[in-house]
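Welcome! Please have a look at the model below, and then we can walk through some of its details together.

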Amino acid sequence: MQERILIAGGGMTGLSAAYSLLKKAQAAGRNPEIILVEKENRLGGKTQTEVVDGMIIEEGPDSVIAYKPWAVELARELGLETVGTNPRIRSTYILHKNRLEQLPVGMQVMIPTEVWPFLTTRLLTPWGKLRAGLEPFVPVRRSDEDESIGSFVGRRFGREVLENIAGPLMGGIYGGDFNAVSMKATFPRFLAMEREGGSLLLQAWRNKALKPKGPTGSAFVTVKGGLNRLVQALVARLEGRVRLLTGVSLTGLVPGPERRGYVAGLDDGQRIEADAVILALPAYASAGLVRDWLPDVASELSAIPYHHSVVAALAYNRSDVSHPLDASGFLVPVREPTVVTASTWVSSKWPHAVPEDKVLIRCFIGRGVGRDWTKEPDDLIIAHARKELERLMGLTAEPILTRVFKWRRAMPQYLVGHLDRMDRVDRLMAQAPGLYLGGAAFRGVGLPDCVREGAQAAEKAARHLGWV
């Protein structure tokens, strides 16, 4: 009988899994039926792009981290062009004492790699700079136990670097509390640098620290034309070879007769029997599907918290904007009581994405805790964004276009001990051969990680079916 594989979730992880399965099936001379189910009417999850009057407006992520190669490699395999950030824009701003202060050029999150910009920054007091400079004398922590970002950065560079520089930078990626988020799960390379070489500062100055690997030497990369082009290219490869069911959700999943394969129920009444299943879903959704027969797995997955995300995009005529827009945007430390917690100046960071006579700014609203901005009306969100942009940038012009994108439970939080939880999940999943998990909740939140997670799940499914 023809083998059947079910993939639940049509975001980047699910699409990557389907694409990888097709390649593996072809290499093995197999012709399986692959079914991908997505509850939304569009594929790609949060990787969505709107193009208006030549402006590329990203609804979710706007880039991928350059040193994680999987998304860039996939894009090139699909014939897409990738571009790095504007090489003339070398810094960003951080809100400090009600002023936007430039991040010292050469900062690698917490590590200053250029001396003069660090010595002259107003983001740190003289004592804060001295404390950071004493980092080579800080003892190496030999324990392999996890610790928070706050613990690691504060221990090596001091509280000022943590609160004024590293915290905003790391929060811009993970959107969480740096005193709760796991260092091992988010920035393991810095832990490895400490264990293997001692001082991070000395290693950076000796050019032993990890450097960006993107085009133009940038730390971030995007797909020319918008990240959703990656989704479109994947879907084009899958159409006609994979059954793509959108607007449909799984309502149940149980082991098949004699525990061979699995039986899934869909909310449109369909019943699908599959030899292998990949759950490329948020952790809480996967937990709900296996709770009755894998309760320990469900318990671990349910314990992963999620934050909401709200993005407001505002476009202006360039002639109406007096600010020089001489950075990639700004970040806001946790202590600042602002509604806008970060802003990307798209037209500066990605000049290819916006016509020269336009300015495009994205604002991130709220911190995922406290007030739930996903429930607020769009016009109120835009009003708050405009108020903050006027206060911080002197931007009083009327926008020519506004958009609001709301993502509920969008950002999984990697709390201290997260990787230990993932190891427990891996061991528990051995009870369910042929069932595999993947997605942003596990071992990486970015698009490259999701591409890798999908490919790894496909590899496990292929081995289970005897293809390799």
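Predicted model: local features only at pLDDT ≥ 70, side-chain atom pairs only at ≥ 80, totals over all residues.

Residues are numbered from 1 along each chain as its sequence is written, and side-chain values use heavy atoms, with hydrogens and water left out. The labels H and E stand for helices (H or I, at least four residues) and strands (at least two residues), which are DSSP runs numbered from the N terminus.

**Helix H12 and its two partners**

- Helix H11 (residues 283-290) packs against helix H12 (residues 295-302) at an angle of about 160 degrees, and their axes are 8 Å apart. Here an axis is a line fitted to C-alpha atoms, for helices over the stretch in contact, and angles run from 0 to 180 degrees between N-to-C directions.
- H11 and H12 are therefore roughly antiparallel to each other. As for the cut-offs, angles under 35 degrees count as roughly parallel, over 145 as roughly antiparallel, 65 to 115 as roughly perpendicular and the rest as oblique.
- The crossing of H11 and H12 is left-handed; the term applies if the near helix is turned anticlockwise from the far one by less than a right angle, and a crossing is right-handed if clockwise.
- On the H11 side, Ala283, Ser286, Ala287 and Val290 meet Pro295, Val297, Ala298, Leu301 and Ser302 of H12. Contact means heavy atoms within 4.5 Å.
- The residues of this contact of H11 with H12 divide into 7 nonpolar, 2 polar and no charged. In this grouping, Ala, Val, Leu, Ile, Met, Phe, Trp, Tyr, Cys and Pro count as nonpolar, Asp, Glu, Lys and Arg as charged, and the others, Gly among them, as polar.
- H12 also pairs with helix H15 (residues 418-428): their axes come within 10 Å and cross at roughly 160 degrees. H12 and H15 are therefore roughly antiparallel, and H12 passes H15 in a left-handed crossing.
- Which residues of H12 meet H15? They are Asp296, Val297, Glu300 and Leu301, and they meet Arg421, Arg424, Val425 and Leu428 in H15. The residues of the contact of H12 with H15 divide into 4 nonpolar, no polar and 4 charged.

**Helix H16 and what it meets**

- Helix H2 (residues 70-77) and helix H16 (residues 447-464) have axes that come within 7 Å and cross at roughly 75 degrees. That makes H2 roughly perpendicular to H16.
- Trp70, Ala71 and Leu74 are the H2 residues that meet Leu447, Pro448, Asp449, Val451 and Arg452 in H16. The residues of the contact of H2 with H16 divide into 6 nonpolar, no polar and 2 charged.

**Two faces of helix H4**

- Gly128, Lys129, Arg131 and Ala132 are buried in helix H4 (residues 126-133). Buried means under 20% relative accessible area, exposed over 50%, and partly exposed in between (1.4 Å probe, protein chains only).
- Seen down the axis of H4, the buried residues fall within an arc of 160 degrees, so they line one face of the helix. The arc is that of the directions from the helix axis to the C-beta atoms.
- An α-helix has 3.6 residues a turn, so residues three or four places apart point the same way.
- Pro126 and Trp127 are exposed residues on the face of H4 turned away from its buried side.

**Positive phi in residues other than glycine**

- Val109 has a positive phi of about 65 degrees although it is not a glycine. Val109 sits in the loop between strand E9 (107-108) and strand E10 (111-112), and is buried at a relative accessible area of 15%.
- Leu325, also not a glycine, has a positive phi near 50 degrees. Its place is the loop between strand E17 (306-317) and strand E18 (329-331), where Leu325 counts as buried at 4% relative accessibility.

- Is Ser20 buried or exposed? Ser20 lies in helix H1 (residues 12-28) and counts as buried, at 10% relative accessibility. Leaving aside neighbours within four places in sequence, Ser20 is in contact with Ala455 and Ala458.
- Ser309 is in strand E17 and is buried, with a relative accessible area of 14%. Beyond its neighbours within four places in sequence, Ser309 is in contact with residues including Thr374, Phe405 and Trp407.
- Ser309 and Gly366 are 57 residues apart along the chain, and their C-alpha atoms are separated by 7.6 Å.
- Ser319 belongs to the loop between E17 and E18 and counts as exposed, at 70% relative accessibility. Ser319 and Ala397 are 78 residues apart in sequence and 9.7 Å apart in space, C-alpha to C-alpha.
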